[in-house]
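Work through these exercises with the model open. Each task is followed by its solution.

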Amino acid sequence: MEINSFKKNILEKKYSRRSIIIGASQLILVGFLIKQMRQIQLNETEKYRLLAEENRIDIQIIPPLRGLIFDNDGTLLAKNKENYRIRIVKDKDSNLSKVIDDFSKIINIRDERKIQILKKLQEQRSKSSTIIADNVNWYEFKKIVANLPSLPGIIPEVELQRYYTQSEILAHLLGYVGSISSKDIKRISNDDPILQIEDFKIGKVGIEKGLDKFLRGQVGLSKYEVNASGKVIRKLSEKQSISGKDIHLTIDSNLQKFSMLRIKDFSASVVVINLMNGSISAMVSNPSYNPNKFVEGMSQEDWDVLRKSKNQPLANKAISGNYPPGSTFKMIVAIAALEENLISPDDIFECNGFYELEGRKFHCWKYSGHGNTNLLKGLEESCDVYFYNLAERVGIDSIAKIAKKFGIGISPDLPLSGISKGLMPSKNWKKINKKQSWFTGDTLNSGIGQGFILSSPIQIAIMTSRIATGLEIKPTLIKAIDGRPVTYDQKKSLGIKKRTLDIIRKAMFGVVNNKKGTAFNSRVVEVKNNLAGKTGTSQVRQITEDERKKGIIKNEDLPRNQRDHALFTGYAPNINPKFSISVVIEHGGGGGKVAAPIARDILLYALNGNMPSLEAYPFEERNNVDKILNSIKREMISK
Amino acid sequence: MGKVFYLHWPVIFLILVVGSFGFLMLYSVSDGDYDQWSKPQFKRFMVGFVIMILMGFISIDFWRTCSPFVYVFGIILLSLVLFFGDYGGGAKRWLELRSFRFQPSEIMKVGLVMFLAIYYDWLKPKNISKIFWVFIPVLIIALPTALVIPQPDLGTGVIIAMTGITMMFAAGVHFIYFFIIILLIPAFLALIFYSRGTSWQLVTDYQFNRIDTYINPDKDPLGGAYQITQSKIALGSGGLEGKGFMQGSQSQLDFLPYKHTDFIFTTIAEEFGFFGGVGLLLIYSTIIIFCLFSAYNNKNSFGRLLTIGLSTIFFSYFFVNIAAVTGMVPVTGVPLPLISYGGSAMLVVLGTFGLIQSAHVHRLLKRD
C-alpha cells in the first residue's frame, strides 16, 4: 500500500506538470493571436482605415456644363441642347434580350446592334448599364416613358448635348466634341476625375479642342456613404460642378456665312482679318461637313464618305492647306530688294518672255513678254522675268528673312488643330533636308513663289495685313473668355521702311485699279472702298518644254486636278485699310479671273457689314455680280 | 443545496460577462434592433445558463456513467448527418430535428473528451504508455475525425483530433508518441496535397479552395477571400481604441459577412479596437486558467481529465475563430464561444461548463 500511494504521488505530479504545460502552450498560442492583432490593428491601421473609407464612400461625379461659344456680335454658335436618350441597366431578375426585343417594337434597333448591347452588358460586372437609344425624338421618348412598367431595366434620361447652330458654316473653326479616346487620355492628366464620367465628351478638333481646358469646366463631386450592396445611406458632402467658361470669338458669323456661300462651288478657303485689331473675322474652308453628326454619332458610311472625299471636307484648308504662294510672294521679293537697297523702284529689267540661266529657260507667264519693266509694272502685271532678276540679285537668304518677318513659314499661334507651318526654304534648309546645295535656279523659282515655298491661306493673309499696316499683326480668334476681353498687342512695328511699304501698296493698288493690272476686272469703283491686292497662280505641275512646243499651254486644257490654284490676297479700303483677305481656290485657274472677284465681294461685305451695293462695282460687272449676290442673299435668308 | 457554495463562481461570473458582452455586440451588428438577434440569444443563454448550474449539481459519477453513451450518441448522429444531413453554408453539418437545427459535431467533441476521460480513469497507470493501450484511444479519436472531415468540415476534424491528443497528453502518455505525431503531421499534409486531383482525393475541392484562399487571399479579393479581406479592413481600421460602440462602418454597412455569427469578433475589434479585442482574449484566457487550476486541484482523475479536455474544447473555439478572422488560419466556420449568434453552439458551450462545474463541485470526491 505504501509503495502504491508513492506511485500515485508520482502520477499526481506528472498530471500536474502536464496541465501546466497545456496551460502554458495555450497562453503562448493566445500570444500569437495578440501579436497578429497588434500587426493588423496597430502597425497597419492606416492602410486599413483608408480601405475602410474607400469601402464606405461612393463618389459620384457631377459633369460640368460645357462653356458656350458666341461670335463677335454675341450670336450663339455652340450650345448645349437636351438630348433624350434611353439607358438599359442589367438587372439580375430581368431577361435582357426579351426587354431589348420589346423595346425594339417601340424604337427599332437593328439585330447587330442588339447583339452589341447584350455583349457590352454581359462583359461588365453587375449593375452595369449602356445606352440603348440615343437622340430619341420627343414623341418616341414619351412612348417609352408610357411603357416603362413593361420594360424592366429601361431608364429614360435627358442629357445635355453639344449643338452647333451654324452647322457647316463654322464646322472647321469650331470643330466638334466626342468621347474620350485613349489618345486623349494621354493629353489630359490622368487623375482628372472627368475621365471617370461615362460618355464624357471633350473637344476633338478646332476651337472645341484648342480651348477645351476653358470650355470643359470642373466636375462636381458628391460623396455618399454606401453599404456593401451599394445602397446609399446618406449624402456626406457635395461640391457643385463649375461650368466651362463661355468663349466669344472674333468671327462675324454673317461674313462667315457670306464667304462660305460665295465659294460654295469651289474647293477653296478664305481668311479675313480685321486690321483694326488683328482679329480674324472669317475663316472658311469648303467643302464642309455637319459637326452635329459627329456629336450624335455618325454612321460608318457617312464617315467613309467624308474621309475619302477628294476635296477633303474634314480639313480646314485655311490653316492646314499648303500651297505655293505664287505671285502673291512677289511683294516679299520686292520688299527684300528695296530694304537691302539693291534696286531703285525705277530700275528697269527687260522681259522677252523668258529668263535664261546657264542655258535653261525660265518662262514668264506672258509668252510674248512684258518688255521694259520697272517695279511698279512688275507687280501690277506680275512679270515673272522681272522677279527672276530681282530674286537673283537679292538672294534666297535675304528673301527668306523678309518672308519670315511677314509670317511665311511661321506657324500662326491660334487655338486650332492642324495648323500648317508652311515652308520658307533657305540654303541651309536645302542642305539639311534635301542633301543638296542651293542652286540659282531655286532662287529664281522662289522669286515667283514657286519651287519649295509653301504657305497656308492664313499666312498669306498675315503677310498682306502686315504690308497694309506696317505692324506685326498677329491674328486672333478669341475676343473674350468668360466675359473678360482678351487683348493682344498688335501695335508693334515691323521695322520696314515706310517708303518701301508705300511703294508696295501703290503697286498693289495698281494691280486692281490699273487697266493693265492683273485684277483690273475686280476693282471697286467707290473711292472709299477702293481695293488693293495681288493675284497669284500657283502651279500644281510644271509645264514641260515638250508641251509648250505642242501648244498645250492653256491651263483650262488640263484635267482639273492638274490645273493651277487661283490665289488673291488684298486689303480695303486702300487708304486706312480695315480688312485684309486671302482667297485660295484649288485648281481654280488664274488668280485674277477666279479668286479676285470672290475676294472683292467678301471684302465689300465686310466693309459694308451687309450685302455690298452694286454701286461699288464697275458698270460692266454689275449684271453678273447682281446675279451672284442675289443667289447668295436668297440662301442666306433660307439657312 | 450546500453545493451552491462549491460552484466555481469566478468562472460563472466571467461567463456572464462574456455573454452580456455578446448581447451588446449582437445589438450593435443588428443596427440597434434588440429583437433581431440579441433577444433570442438572451433566451438561449438563460436556458443554457440554468442547465449549466443544474449540471454542476449533478454528481460527477453520473456524468462518468454517461460518458460512453455520449460518445456513441455522437458517433450515431455524425453518421446520420453524413447520410441525411442538411446543407448549411455549403456543407452538410446540420441535423434538422423538428424546428431545431443542430450540429452533431459539437456533441461529438464533448463525447470524445468524456470517453477519453473515463478510459484513462479506468486504465491502470502502468499501462498508459503501452503501445496497445495507446492504440485504443487513437482509434477512439480517429473514428469521429474521419466522420467529420467528409461533411466537409476539415476545421472541426482537426479540432477533434487535437482535443483528443491533448487529452492523451494530459493523461500522461509518454512524450515519444507526441514526437511521432509531430513528425507525422507534415507527411499527412503532404499526402493530402498529393491526393489532389486523383481518384482517391482525401479532402474535397471545396476544402482545397478554402486552403488556396488562405494561402493567397489577394488572388480573388471579391471572391472567396472577400470575407478575410473585409475582416482585416474592419480590424485594422479599428486601430487601438476602436471606432466606438455601433460606429463600425464595416459591420454597420454590411461589408462583413456573417457579422453576427462567425465574424462577430471583427466587429468587436472594429468598434472597441485593440483594447477591446485583447480584453476579450484575456477574459477567455482567464476562464481557461481558472479551469486548468480547477483541474490541477482536482483529486478525481476523471473530473480532472474532463476539465482539461473541455477547457481545451473551449480554447479551440475562440482560438480558431480569432485566428481565422485575423487571417492566420483558413476560415472553418467555428463560432466565437458565448458571443456568436446560434443555438447549438451556445448550449454545448454552456453544457461543457456544466460538466466543468460538476467536476469542480465534486473535486474532492475520490473514487477507489
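**Exercise 1. How many residue pairs are in polar contact across the interface of chain A and chain B, and which elements of chain A line that side?**

Solution.
- Step 1. In this predicted model, eight residue pairs, both partners at pLDDT 80 or more, are in polar contact across the interface of chain A and chain B.
- Step 2. On the side of chain A that touches chain B, two or more residues each come from α1 (2-43), α2 (45-56) and β8 (220-226) of chain A.
- Step 3. α1(A) gives the largest share, 25 residues.
- Step 4. Sort that side of chain A by class: 20 nonpolar, nine polar and nine charged residues.
- Step 5. Now look for salt bridges between chain A and chain B: the rule finds zero.

**Exercise 2. State how many residues of chain A and chain B are in contact, and what area the two chains bury.**

Solution.
- Step 1. The contact brings together 38 residues of chain A and 53 residues of chain B.
- Step 2. About 3,900 Å² is buried between chain A and chain B.
- Step 3. Carbon and sulfur atoms carry 70% of that area.

**Exercise 3. Divide chain A into domains, then describe where domain 2 of chain A touches domain 3 of chain A.**

Solution.
- Step 1. Chain A splits into domain 1 (2-43), domain 2 (59-248) and domain 3 (253-305 + 316-638).
- Step 2. Between domain 2 and domain 3 of chain A, the contact involves 32 residues from domain 2 and 25 residues from domain 3.
- Step 3. The C-alpha centres of these two domains of chain A are 44 Å apart.
- Step 4. Domain 2 and domain 3 of chain A bury about 2,700 Å² between them, with 63% from carbon and sulfur atoms.
- Step 5. Count the polar pairs between domain 2 and domain 3 of chain A: twelve residue pairs are in polar contact, both at pLDDT 80 or more. Salt bridges across this interface number zero.
- Step 6. On the domain 2 side, β5 (154-164), α6 (171-174), α8 (206-210) and β10 (247-249) of chain A each give two or more residues.
- Step 7. By class, this side of domain 2 of chain A has 14 nonpolar, eleven polar and seven charged residues.

**Exercise 4. Why is the pair of Trp438(A) and Phe452(A) classed as it is, and which parts does the pair tie together?**

Solution.
- Step 1. Over all chains, the structure holds 35 aromatic pairs.
- Step 2. The ring centres of Trp438(A) and Phe452(A) are 6.0 Å apart and the planes are at 50°, so the pair is tilted.
- Step 3. Trp438(A) sits in the loop between α18 (427-434) and α19 (440-447) of chain A, and Phe452(A) in the loop between α19 and α20 (457-469) of chain A, so the pair ties together parts 14 residues apart in sequence.

Note on methods
Residues numbered from 1 in each chain as written. Chains lettered and ligands numbered in written order. Predicted model: local features only at pLDDT ≥ 70, side-chain atom pairs only at ≥ 80, totals over all residues. Heavy atoms only, no water. Domains from an automatic or database assignment. Contact = heavy atoms within 4.5 Å. Buried area = accessible area lost by both parts, 1.4 Å probe. Salt bridge = Lys/Arg side-chain N within 4 Å of Asp/Glu carboxyl O. Polar contact = N/O pair within 3.5 Å; in protein donor to acceptor, adjacent residues only side chain to side chain. Helix = DSSP H or I, 4+ residues; strand = E, 2+ residues; numbered from the N terminus. Nonpolar A, V, L, I, M, F, W, Y, C, P; charged D, E, K, R; others polar. Phe/Tyr/Trp six-rings, centres within 6.5 Å; stacked < 30°, edge-to-face > 60°.
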